[in-house]
Amino acid sequence: MNAKQGVKILVVDDEQGIREFLSFELSQQGYEVFTASNGAEALERIRAEKFSLVISDIRMPMLGGLEALEAIKRMEPDVEVIMMTGYGTIETAVEAMKKGAYDFILKPFNLEEMLTLIDKVLEKSELKVMVAVYEASKSVFSSIDLKKILPVIVKLSLNILKADDVSVMLMGDDGKLSVAACSGAEGDERLQAFLEIGNRVAGRAAEWKTPIFVSGPLEKDPRFAGILSMRQIKHSIIYPLFIDNELLGILNVNRMAQDVPFGPIDLRGLTILGSQISQAVYNAKLYRQLQDKMTALEQAQEHLIQSEKLAAIGQLSAGVAHELNNPLTGILGFTQILLQDEEITAKQREDLEVIQSQSQRCRQIVQSLLQFSRKQNPHKEPLNAVQVFNSVLKFVKYDVSKAGIELISELPETLPPIWGDSSQLQQVLLNILTNAMHALEGRESKKLILRAFAKSGRVVVEVEDNGHGVPEKHLSEIFDPFFTTKPAGRGTGLGLSISFGIMQEHQGAIQVKSEEGRGAKFILDFPVYGGAEKNSSVTKPQTLNEARRA
Amino acid sequence: MPTDKKTILVVEDHESVRSLLKRLLEEENYRVIVAVDGEEALSRVSEETPDLILLDVMLPKLDGMEVCRRVRRDPAAGRVPIMMLTARGAPADQAAGLKLGANDYVVKPFDAEELKGRITALFLQVERDKGL
């Protein structure tokens with residue numbers, strides 16, 4: 001492409017001879033030349049067209065050169081202006097330069113002189129664009145946060161390419177484009193059309209690898225036939241963002257208000273800008289991948305710490321539990337002997353029964369501790385989660401109805417099987433149901449909703465109540481061993497941590513969602529049996545923070 | 001001291017549990033002899049073959065598992081019924097004890113009535129086996 005092609009020059013002079021001379025000679029050079037015979041006409045021209053350069057006489061009727069210069073600079077600060085002047089008006093010419101003219105040329109001039117000057121001006125103006133692009137891209141590079149980069153990209157593209165509408169589409173991990181940022185209002189129709197354009201380009205961008213220029217309404221372009229009418233777009237550049245043959249996204253730059261096609265200078269600016277944007281988007285992508293890896297690493301570490309913590313507590317608990325079992329045997333046994341003595345008084349019997357029940361309670365705690373510490377070998381088999389649910393419901397149904405709780409069962413007829421130990425899973429469900437019943441105590445309406453469903457290779461089981469809920473500050477602790485808010489004597493604080501451990505052993509996860517005062521929802525999910533081998537390699541064990549964050 | 005009372009050897013290092021068992025069993029009209037550790041248990045068995053051994057697992061010197069194994073190899077006392085008594089309730093522990101030849105397994109803290117019931121049941125079982 002001839003560098004001069006598409007460069008528009010406006011010649012303003014009241015002398016027809018000069019206008020025709022310059023018009024002819026500059027056209028010969030490849031420039032696109034327009035003329036005006038006075039300042040007012042020049043301003044009208046400039047309003048309608050985008051010029052790279054204005055060559056204007058100083059002394060003209062209607063609107064003089066200086067006034068015209070001021071007006072032009074106000075309208076289009078980037079347009080370069082060369083003033084033509086006679087000997088008598090050199091002072092005025094100097095004045096013009098102060099007002100922003102690039103240079104002046106004395107009449108009469110020879111053609112060579114004029115052409116050299118024009119070259120110089122255009123080179124400078126192009127340099128200005130490039131400098132602007134570089135300056136701008138520096139700011140793009142200064143951040144690797146895509147959220148910060150995108151608005152900058154939009155703004156830069158608007159400024160540098162003198163466009164009034166810009167959208168950036170990025171390729172997602174799923175290989176689909178989506179609009180990541182755009183200027184102006186985010187009309188759904190408009191975004192949809194952009195996406196459609198983007199998708200069509202994306203399909204071919206790999207082959208084309210060049211920006212696509214469209215002039216006139218998109219719908220007239222056969223490449224974009226059928227796309228939602230985008231009449232208001234007059235000129236468009238669709239620029240694929242590439243790094244090493246990888247399509248990262250599409251930059252879509254439009255001119256809607258001004259009917260000025262994109263020219264070679266725009267292309268040059270776009271090439272620099274586009275490669276910088278590609279690089280920035282690529283960096284942001286790499287950074288995000290790095291962050292993901294870091295997060296995974298942190299989670300793995302946290303998981304390790306948690307496992308070690310659990311193991312240490314487990315060992316300690318086992319030791320303590322064994323030591324407690326012997327004295328408990330004595331207490332319970334002798335209490336029983338005393339209770340069988342028919343000579344004791346009713347009061348003594350009452351007291352002994354307190355000793356007995358409290359010791360029984362100790363025994364339960366010790367047993368939970370042992371259960372917690374024990375590395376049980378689960379007997380896993382293909383299970384139907386609904387059946388596990390139902391077997392637990394048998395235990396609690398009586399208590400549930402006695403407590404006035406409305407049990408809403410949304411359990412399906414069939415579910416894909418899961419691979420699990422039914423007694424361990426019953427224990428998990430029992431823990432959760434017991435907690436729910438406790439949370440419903442003292443509530444006016446008491447609802448307990450049970451759900452189970454299959455979702456993308458997982459079986460999900462939910463227990464939801466409208467009880468007191470879990471205060472936010474406790475969400476981070478409820479899976480910790482020995483954490484309990486229940487009154488002394490009611491909970492050991494081990495139920496949920498045991499459940500957490502069991503779920504981990506099942507390559508599953510346990511999560512809690514709750515709003516204080518409005519209820520809580522416990523969500524268990526398991527890999528579907530059969531898809532397990534495939535899943536297990538990618539399923540990383542749930543970390544405690546993941547359970548709490550849910 | 002010949003008597004028609006059945007003799008039970010209680011092997012238990014914890015004094016409170018030992019005296020509880022002694023008391024419970026004597027009330028049931030058993031004759032109770034005791035040992036406080038594994039070695040003492042074995043020497044009691046060699047002195048006099050009891051009708052049943054109530055054997056704690058975690059014992060000083062020789063643990064209950066080892067005592068069980070040695071009693072089973074003893075030509076004189078090899079067929080004495082053994083009931084293991086332990087603070088460990090894990091199924092794996094129970095299985096290990098039964099594999100070594102224990103006849104039953106009771107987890108501490110136990111219920112007095114249950115313990116007495118199981119001992120009676122064990123004796124009935126032994127009687128029945130003898131009759132075969």
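A residue is taken as buried under 20% relative accessible area, as exposed over 50%, and as partly exposed in between (1.4 Å probe, protein chains only). By this criterion B:V126 is partly exposed, because its relative accessible area is 22%.

The model is predicted, with pLDDT of at least 70 needed for local features and 80 or more for side-chain atom pairs, whereas totals for chains, interfaces and linings use all residues. Residues are numbered from 1 along each chain as its sequence is written, chains are lettered from A and ligands numbered from 1 in the order in which they are written, and side-chain values use heavy atoms, without hydrogens and water.

In chain B, helix α2 (residues 38-47) packs against helix α3 (residues 64-73) at an angle of about 20°, the axes lying 9 Å apart. The two helices are therefore roughly parallel, a term for angles under 35 degrees. Their crossing is right-handed. The contact (heavy atoms within 4.5 Å) brings B:G38, B:A41, B:L42 and B:V45 of α2(B) to B:V67, B:R70 and B:V71 of α3(B). Of the residues in this contact, five are nonpolar, one is polar and one is charged.

For chain A, the mean pLDDT (the predictor's confidence in each residue, from 0 to 100) is 80, and 84% of the residues reach 70 or more. Over residues 532-540 of chain A, however, the pLDDT is below 50, and this stretch has six contacts in the model beyond near neighbours in sequence. Where pLDDT is low, the predicted coordinates should not be read in detail.

Technical notes
Axes are lines fitted to C-alpha atoms, for helices over the stretch in contact, and angles run from 0 to 180 degrees between N-to-C directions. Helices (H or I, at least four residues) and strands (E, at least two) are DSSP runs, numbered from the N terminus. Angles under 35 degrees count as roughly parallel, over 145 as roughly antiparallel, 65 to 115 as roughly perpendicular and the rest as oblique. A crossing is left-handed if the near helix is turned anticlockwise from the far one by less than a right angle, and right-handed if clockwise. Ala, Val, Leu, Ile, Met, Phe, Trp, Tyr, Cys and Pro count as nonpolar, Asp, Glu, Lys and Arg as charged, and the others, Gly among them, as polar.
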